[in-house]
Amino acid sequence: DAGLLTFQDLLLKASRLLRDQPRVRAYFRRRFTHLFVDEFQDTDPLQCEIIEALTRGRPGALVVVGDAKQSIYRFRRAEVGRLARLAREAEQAPDAAVLHLTQNFRSRPGILRFVNRVFAALIEASEEAEQPAYEPIVPRDDVADQASVLALRFVAEPLAGHSDLLRAEAAAV
């Protein structure tokens with residue numbers, strides 16, 4: 001309430017509390033018998049320690065959802081490779097499973113063809129960066145395949161100022 005702790009401070013204190021206080025850890029393991037972690041690709045090491053303290057040794061206690069293509073929090077110590085490592089561990093565990101969700105429920109097929117074509121060329125597998133290969137996305141079967149993508153081409157001077165570029169873009173639209 002006093003604003004004396006940062007977000008990182010709160011994570012550190014929670015992690016240490018669960019690590020160092022068995023009674024506190026036992027209480028929260030009873031209270032939170034199952035964890036569902038969305039956007040797992042953006043978890044940092046402290047968040048992973050908290051998750052592990054609450055779920056370790058309990059098959060089925062942890063469900064994570066993540067997409068390496070959407071990892072955006074490296075500046076907060078998130079590592080996209082954590083998601084890949086967790087998936088590899090789950091694939092080898094007898095009491096775990098990995099499901100690859102490759103279907104998009106919102107976008108038209110034309111948009112997904114465009115996205116797949118562009119990002120398949122941009123997102124390359126890299127062990128060094130722990131970046132998995134691009135996985136194409138497929139549309140729902142019941143979505144109409146109508147024109148969905150319009151590429152706007154306009155001429156703008158390479159060294160144009162911000163306002164010049166905006167005017168050229170507005171004229172193209």
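**Close-up views of a predicted model**

**View 1. Three aromatic residues, Tyr27, Phe28 and Phe32, are linked by ring pairs into a cluster.** Welcome to the first stop: phenylalanine 28 has a relative accessibility of 25% and counts as partly exposed. Please keep in mind, here and in every view below, that this is a predicted model. A pair of aromatic rings is described by how far apart the centres are and by the angle between the planes. Two aromatic pairs are counted in the model. Tyrosine 27 and phenylalanine 28 make an edge-to-face pair, with 4.9 Å from centre to centre and 80 degrees between the planes. The rings of phenylalanine 28 and phenylalanine 32 are stacked, because their planes are at 5 degrees, and their centres are 6.1 Å apart. Tyrosine 27, with a relative accessible area of 40%, is partly exposed, and phenylalanine 32 is also partly exposed, with 34%.

**View 2. Helix α3 spans residues 45–55 and has a set of buried residues.** Look here for Leu46, Cys48, Ile50, Ile51, Ala53, Leu54 and Thr55, the buried residues of this helix. What do the buried residues of α3 pack against? Their partners are helices α1 (7–20), α2 (22–31) and α4 (81–92), together with strands β1 (35–37) and β2 (62–64). At the start of α3, a side-chain oxygen of aspartate 44 comes to within 3.0 Å of the backbone nitrogen of leucine 46. After α3 comes glycine 57, which has a positive phi, near 75 degrees.

**View 3. Asparagine 104 sits in strand β3, residues 103–104.** Start with the side chain of this asparagine: one of its polar atoms lies 2.6 Å from the backbone nitrogen of serine 107.

**View 4. Asparagine 116 belongs to helix α5, which covers residues 109–122.** Is asparagine 116 buried or exposed? It counts as buried, because its relative accessibility is 15% and the limit for buried is under 20%. The side chains of asparagine 116 and tyrosine 134 are joined by a polar contact of 2.6 Å. With neighbours within four places in sequence left aside, the contacts of asparagine 116 are Tyr134, Pro136 and Ile137.

**View 5. Arginine 19 and aspartate 20 meet side chain to side chain in a salt bridge.** Side chains of opposite charge can pair when their charged atoms come close. The model has six salt bridges by count. In this one, the N to O distance is 2.7 Å. Arginine 19 counts as exposed, at 51% relative accessibility, while aspartate 20 is partly exposed, with a relative accessible area of 42%.

**View 6. Salt bridges link Glu79, Arg82 and Arg85 in a network.** Within this group, the side chains of glutamate 79 and arginine 82 meet at 3.9 Å, N to O. Which of these counts as buried, and which as partly exposed? Arginine 82 counts as buried, at 13% relative accessibility, whereas glutamate 79 counts as partly exposed, at 30%.

**View 7. Aspartate 145 and arginine 113 form a salt bridge.** Their closest N and O atoms are 3.1 Å apart. Aspartate 145 lies in the loop between β4 and α6, and arginine 113 lies in helix α5, so this pair ties together parts that are 32 residues apart in sequence. Aspartate 145 is partly exposed, with a relative accessible area of 48%. Arginine 113 counts as partly exposed too, at 45% relative accessibility.

**View 8. Leu4, Leu5 and Leu10 form a nonpolar patch on the surface.** Taken together, these leucines have about 330 Å² of accessible area. Leucine 10 is placed in helix α1. At 48% relative accessibility, leucine 10 counts as partly exposed.

**View 9. Alanine 147 is in the loop between β4 (138–139) and α6 (162–172).** This alanine counts as exposed, at 84% relative accessibility.

Notes: Residues are numbered from 1 along each chain as its sequence is written. This is a predicted model: local features need pLDDT of at least 70, side-chain atom pairs count only at pLDDT 80 or more; totals for chains, interfaces and linings use all residues. Side-chain values use heavy atoms; hydrogens and water are left out. Helices (H or I, at least four residues) and strands (E, at least two) are DSSP runs, numbered from the N terminus. A polar contact is a pair of N or O atoms within 3.5 Å; within protein, one must be able to donate a hydrogen and the other to accept it, and residues adjacent in sequence count only if both atoms are side-chain atoms. Rings of Phe, Tyr and Trp (its six-membered ring) pair if their centres lie within 6.5 Å; planes under 30 degrees apart count as stacked, over 60 as edge-to-face and the rest as tilted. Buried means under 20% relative accessible area, exposed over 50%, partly exposed in between (1.4 Å probe, protein chains only). Contact means heavy atoms within 4.5 Å. Patches are made of residues with over 30% relative accessible area and no salt bridge: like charges are joined within 9 Å, nonpolar side chains (Val, Leu, Ile, Met, Phe, Trp, Tyr) within 5 Å. Accessible areas come from the Shrake-Rupley method with a 1.4 Å probe; for residues, only the protein chains shown count as cover. A salt bridge is a side-chain nitrogen of Lys or Arg within 4 Å of a carboxyl oxygen of Asp or Glu.
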